[in-house]
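The sequence and coordinates are shown first, and the description follows.

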Amino acid sequence: MKQTTIRSLRLSAYLGLTLILPVQAQAQANETSPNGESTPQITMLQLGENLYINPGRGGCTQCHGEAGNAPVMPLYPKIGGQSEIYLYNQLIDYREKRRKNGLFFPMEVAMEPFSDDEIKAMAHYLAAQTAF
Ligand code: HEC
């Protein structure tokens, strides 16, 4: 019973983010700079890709390769094309130090710098890639 409550809370949190993010993106799109020009719009897909390939933060490509499906060694998972909510939950669990199986340690470190919204964007980007 308790398990079910926790799961439904997490699902609500996920769905809440899905609803909030487009609104924020829209708000950003409407912002104008002091000289009246529109600020460039960045989609959630682009944000996710930028975060995924950014070597200064998670450095995901160093281990999972391009588009999540070219891992540097067979022990590392292919993650491109996986379901978005599954990826989101795994990444949150690593950051919150709740997933402790297998080679969890590099993932705990990799996820430390990211906010919920940034994790959502990376899950969105990875889910949009072709699965192998
Ligand atoms: C130093 C290498 C390394 C880096 C950097 C790294 N990962 Fe991982 N990742 C791993 C390994 C190894 C695992 C498998 C852990 C296990 O055995 O449970 C993993 C697991 C995962 C999983 C879970 C896959 C599944 O099927 O449950 C996801 C999602 C993931 N990584 C995404 C990312 C993202 C996004 C980044 C960048 C923010 C990243 N990883 C950075 C090595 C890395």
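## Basis and conventions

A residue is called buried if 20 or more other C-beta atoms lie within 10 Å of its own, exposed if 12 or fewer, and partly exposed in between, with C-beta atoms placed from the backbone. Helices (H or I, at least four residues) and strands (E, at least two) are DSSP runs numbered from the N terminus.

The model is predicted: local features need pLDDT of at least 70 and side-chain atom pairs count only at pLDDT 80 or more, whereas totals for chains, interfaces and linings use all residues. Residues are numbered from 1 along each chain as its sequence is written.

## Overall architecture

The chain contains six helices and zero strands, and its pattern along the sequence is α-α-α-α-α-α. Of its 132 residues, 20% count as buried.

Two residues are in contact if their C-beta atoms, placed from the backbone, lie within 7 Å. Among the contacts in the chain with a separation of 6 or more, 61% come from residues 24 or more positions apart.

Helix α4 has twelve residues and reaches 17 Å from its first C-alpha to its last, close to the 16 Å expected at 1.5 Å a residue; the expected span is 1.5 Å times one less than the number of residues. Its buried residues are Leu87, Tyr88, Leu91, Ile92, Tyr94 and Arg95. Seen down the axis of α4, these buried residues fall within an arc of 160°, so they line one face of the helix; the arc is that of the directions from the helix axis to the C-beta atoms. An α-helix has 3.6 residues a turn, so residues three or four places apart point the same way.

Helix α6 covers residues 116-127 and spans 16 Å between its first and last C-alpha, close to the 16 Å expected for its twelve residues. Nine of the twelve are buried, and the helix is mostly covered. The buried set consists of Ile119, Lys120, Ala121, Met122, Ala123, His124, Tyr125, Leu126 and Ala127.

## The largest nonpolar core

A nonpolar core is a set of buried Ala, Val, Leu, Ile, Met, Phe, Trp, Tyr and Cys residues joined through C-beta atoms within 7 Å. The largest one has 18 residues, of which Leu87, Tyr88, Leu91, Ile119, Met122, Ala123 and Leu126 touch the most other members. At least two residues of this core come from each of α2 (44-53), α4, α5 and α6. Helix α6 gives the most, with seven residues.

Which residues does leucine 126 contact, leaving aside its neighbours within four places in sequence? They are Tyr52, Gly68, Ile79, Gly80, Gln82 and Leu87.

## The ligand shell

The ligand is surrounded by 21 residues, the closest being Gly58, Cys60, Cys63, Gly102 and Pro106; a residue is near a molecule if its C-beta atom, placed from the backbone, lies within 6 Å of it. The elements that give two or more residues to this shell are α3 (60-64), α4 (84-95) and α5 (104-111).

By residue class, the shell has 14 nonpolar, seven polar and no charged members. Here Ala, Val, Leu, Ile, Met, Phe, Trp, Tyr, Cys and Pro count as nonpolar, Asp, Glu, Lys and Arg as charged, and the others, Gly among them, as polar.

## Loop residues

Most residues other than glycine have a negative phi. Alanine 67, however, has a positive phi of about 55°. Alanine 67 lies in the loop between α3 and α4 and counts as buried, with 21 C-beta neighbours inside 10 Å. Lysine 97 also has a positive phi, of about 60°, and is found in the loop between α4 and α5. With 11 C-beta neighbours inside 10 Å, lysine 97 counts as exposed.

Phenylalanine 114 is placed in the loop between α5 and α6 and counts as partly exposed, with 19 C-beta neighbours inside 10 Å. Leaving aside neighbours within four places in sequence, phenylalanine 114 is in contact with Gly58, Arg95 and Ile119. Phenylalanine 114 and glycine 58 are 56 residues apart in sequence, with a C-alpha to C-alpha separation of 8.2 Å.
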